Amino acid sequence: MVGRMARVSPASFISPSPIQPWTGRELAGLAVAAATDARRWRHLIEFDENERFALKIDETDEHDLWLLTWLPEQETGWHDHGGSIGAFAIARGALCERRFVRGRGRQELRLGPGGSRIVPDPVLHNVANRDGARAISLHAYSPPLRTMTYFDEKQNVQQVADVRVPGARTC
Ligand SMILES: [Fe+2]
């Protein structure tokens with residue numbers, strides 16, 4: 001007796017194409033282009049005294065794009081991007097980024113309108129509005145941001161304080 005042979009369609013040999021993460025330069029280009037195109041986000045802006053405003057405005061399999069607004073003295077706290085490479089660009093105002101790179105210590109940089117910064121992985125950083133005026137920034141990540149781990153500054157950024165899933169508010 002001849003056993004039945006399973007029929008295999010040609011499609012089962014084709015595996016899904018792997019996702020190609022964007023480079024930091026590509027993400028910076030995306031963030032800068034979005035920051036200079038206020039038509040994409042002007043109507044979405046909110047400022048929130050209780051919680052820093054963050055809104056995902058675009059997502060593909062390979063990257064996502066966020067609009068963030070900052071009242072004076074609002075800051076992210078020390079965090080990573082859960083394995084995603086990131087980049088951000090300033091659309092209005094100015095932001096201060098502090099960065100901790102293992103083996104190289106802390107770096108601090110102020111970015112004004114049009115300024116951008118690549119955030120490789122792994123890097124811990126803390127972004128804050130120290131300028132006394134409102135700020136707006138665009139942030140891109142690849143792969144899309146899934147988790148952010150927060151670190152305790154009182155423990156010299158060595159101890160995990162919290163792990164969050166970003167994106168409670170999306171459009
Ligand atoms: Fe970040």
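## Overall build

Residues 24 or more positions apart account for 72% of the protein's contacts with a separation of 6 or more. The model is predicted. The protein holds one helix and 11 strands. Of the 171 residues in the protein, 30% are buried.

## The sheet

Five strands make an open sheet. Their order across it is E1-E2-E9-E4-E7, and the pairing is antiparallel. Strand E1 (53-59) and strand E7 (116-119) are the edges. Each has a single partner strand, so one side of each has no neighbour in the sheet. On average, neighbouring strands of this sheet are turned by 20° against each other, direction ignored.

Strand E4 (residues 85-92) and E7 are antiparallel and share four bridges. Which residue of E7 is the bridge partner of glycine 86? The partner is valine 119. In general, strands of a sheet pair through backbone hydrogen bonds, in a parallel or an antiparallel sense.

## Helix and core

Helix H1 covers residues 24-35.

The largest nonpolar core has 30 residues. Which of them have the most contacts inside the core? They are Leu27, Ala31, Ala35, Ala87, Ala89, Leu138 and Ala140. H1, E2, E4 and E9 each supply at least two residues of this core. The largest share is that of H1, with seven residues.

Leaving out residues up to four places away in sequence, alanine 35 touches Ala89, Ile90, Ala91 and Leu138.

## The loop between E2 and E3

Two glutamates deserve a look here. Glutamate 73 lies in the loop between E2 and strand E3 (78-79). Its phi is near 75°, a positive value in a residue other than glycine. Is glutamate 73 buried or exposed? Glutamate 73 counts as exposed, because it has 10 C-beta neighbours inside 10 Å, and the cut-off for exposed is 12 or fewer.

Glutamate 75 lies in the loop between E2 and E3. Glutamate 75 has 15 C-beta neighbours inside 10 Å, so it counts as partly exposed. What does glutamate 75 touch, if residues up to four places away in sequence are not counted? The answer is Asn126, Val127 and Ala128. Glutamate 75 and asparagine 126 are 51 residues apart along the chain. Their C-alpha atoms are separated by 7.0 Å.

## Cis peptide bonds

Where do cis peptide bonds occur? One joins aspartate 121 and proline 122, with omega about 5°. Proline 122 is in the loop between E7 and strand E8 (124-128).

Another cis peptide bond joins serine 142 and proline 143. Here omega is about -10°. Proline 143 is found in the loop between E9 and strand E10 (148-152).

How values were computed. Residues numbered from 1 in each chain as written. Predicted model: local features only at pLDDT ≥ 70, side-chain atom pairs only at ≥ 80, totals over all residues. Pairing = 2+ DSSP bridges. Axes fitted to C-alpha atoms, helices over the stretch in contact; angles between N-to-C directions. Contact = placed C-beta atoms within 7 Å. Buried ≥ 20, exposed ≤ 12 C-beta atoms within 10 Å, placed from the backbone. Core = buried A, V, L, I, M, F, W, Y, C linked by C-beta atoms within 7 Å.
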